[in-house]
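This report describes selected features of one protein chain. Please consult the sequence and the structure shown below alongside the text.

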Amino acid sequence: MPTDYMYQMKCTENGTFERGQVRPYGNVELSPSAGVLNYGQGLFEGLKAHRKENGSLLLFRPDQNAIRMKVGADRMCMPAPSVEQFVDAVRETALANKRWVPPPGKGSLYMRPLLMGSGPVLGLAPAPEFTFLIYASPVRNYFKEGTAPLNLYIEDEFDRASRGGTGGVKSITNYAPVLKALARAKSRGFSDVLYLDSVVKNNLEEVSSCNIFVLKGNVLSTPATNGTILSGITRKSIIEISRDLGYQVEERAVPVEELMEAEEVFCTGTAVVVAPVGSVTSKDKRIEFKTGAQTACGRLYDILVGIQTGHIKDKYGWVVEIN
């Protein structure tokens with residue numbers, strides 16, 4: 001749903017970004033030979049603003065989005081806004097669209113920062129000009145199931161990423177290739193696709209747009225960020241909260257066999273937050289997992305959302321309050 005305003009900032013020829021500005025939401029004009037259109041030279045981020053009972057807005061770890069964009073920009077041969085520029089732009093965009101932030105408990109304002117090669121280029125090379133944009137939309141739950149458990153399908157035909165590729169950054173080129181597998185899974189009644197590594201085809205990587213965790217006993221395992229999966233900010237936060245709760249968190253290769261023996265499985269991401277997985281199907285084999293009340297997933301969700309919305313004291317210093 002389009003909101004009132006978006007933010008725009010352009011990079012000058014010397015590689016530095018000029019001062020950006022909030023402007024009315026609208027279409028963007030690009031050359032037909034823009035680098036982003038021809039060669040996919042682009043990155044995006046995602047973060048949310050929540051409304052507190054007193055009317056102020058809360059941002060969750062926007063500096064981490066800024067840092068991740070800088071890492072991705074280096075991989076994609078683009079300049080990136082500084083952390084300060086990024087956070088200030090997010091703050092301005094949220095405040096300009098404050099009337100679109102849902103009431104407490106009803107949702108959030110999702111903000112989508114974009115960095116793209118907007119300058120014209122015909123030969124295969126970095127674009128001569130870059131544009132940083134942020135637009136926003138009010139949102140509720142990402143999955144149509146709401147808070148109901150997800151049913152995932154393990155994809156063994158299509159790869160999401162390969163070693164040496166861009167799976168570890170939020171390149172726009174990562175997402176269109178998953179659409180075919182995702183559409184096929186949804187047509188069969190599944191919520192999403194769980195991808196395996198492209199080498200041995202037996203280790204978990206991630207779901208189409210979120211990270212995955214596997215719990216057995218007190219051991220919480222998640223695939224290591226070795227360059228093929230995204231280093232999720234929600235993932236990072238859940239790891240820290242879990243360790244504080246006494247779980248033994250392991251970031252490593254997680255084989256399918258270990259998933260099939262798990263007690264709980266859940267996904268994490270900015271859009272999905274912490275989503276329980278009710279079942280995983282591999283070929284014709286379906287395995288179900290514990291969900292509902294008194295689960296680790298539920299406890300972690302409550303703590304994370306409590307911090308994000310201001311209902312739980314933020315002892316980590318993750319939340320930025322803006323007025």
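This is a predicted model: local features need pLDDT of at least 70, side-chain atom pairs count only at pLDDT 80 or more; totals for chains, interfaces and linings use all residues.

## Salt bridges between separate parts of the chain

The count of salt bridges comes to 15. One of the pairs is formed by the side chains of arginine 68 and glutamate 45, at 2.7 Å from N to O. This pair links distant parts of the chain, 23 residues apart: arginine 68 belongs to helix α2 (residues 62–75), while glutamate 45 sits in the loop between β3 (42–44) and β4 (47–51). Arginine 68 counts as buried at 12% relative accessibility, and glutamate 45 counts as buried at 1%.

A further salt bridge brings together the side chains of lysine 315 and aspartate 244, with an N to O distance of 3.8 Å. Because lysine 315 lies in the loop between α7 (296–309) and β17 (319–322) and aspartate 244 lies in helix α5 (residues 233–244), the pair ties together parts that are 71 residues apart in sequence. Lysine 315 counts as exposed, at 62% relative accessibility, whereas aspartate 244 is partly exposed, at 45%.

An unreviewed UniProt entry lists Lys170 under "modified residue: N6-(pyridoxal phosphate)lysine". In the model, lysine 170 is located in the loop between β8 (150–155) and α4 (179–187). Its relative accessibility is 12%, so lysine 170 counts as buried.

Leaving aside residues up to four places away in sequence, lysine 170 touches Gly42, Leu43, Phe44, Glu45, Arg68, Tyr175 and Leu230. Among these contacts are Glu45 and Arg68, the two residues whose side chains meet in the 2.7 Å salt bridge.

## Helix α4

In general, an α-helix has 3.6 residues a turn, so residues three or four places apart point the same way.

Just after the helix, glycine 189 adopts a positive phi of about 95°.

## Strand β7 and its neighbours

Strand β7 (residues 130–139) is mostly covered, with 7 of its 10 residues buried. Strand β1 (residues 5–11) runs antiparallel to β7 and is joined to it by 5 bridges. Within this pairing, lysine 10 has threonine 131 of β7 as its bridge partner.

Strand β6 (residues 108–117) also pairs with β7 in the antiparallel sense, here over 10 bridges. Arginine 112 stands opposite tyrosine 135 in β7.

Key:
Residues are numbered from 1 along each chain as its sequence is written. Side-chain values use heavy atoms; hydrogens and water are left out. Buried means under 20% relative accessible area, exposed over 50%, partly exposed in between (1.4 Å probe, protein chains only). Helices (H or I, at least four residues) and strands (E, at least two) are DSSP runs, numbered from the N terminus. Two strands pair if DSSP finds at least two bridges between them. A salt bridge is a side-chain nitrogen of Lys or Arg within 4 Å of a carboxyl oxygen of Asp or Glu. UniProt positions are given in the numbering used here, feature names are shortened, and annotations may be inferred rather than shown by experiment. Contact means heavy atoms within 4.5 Å.
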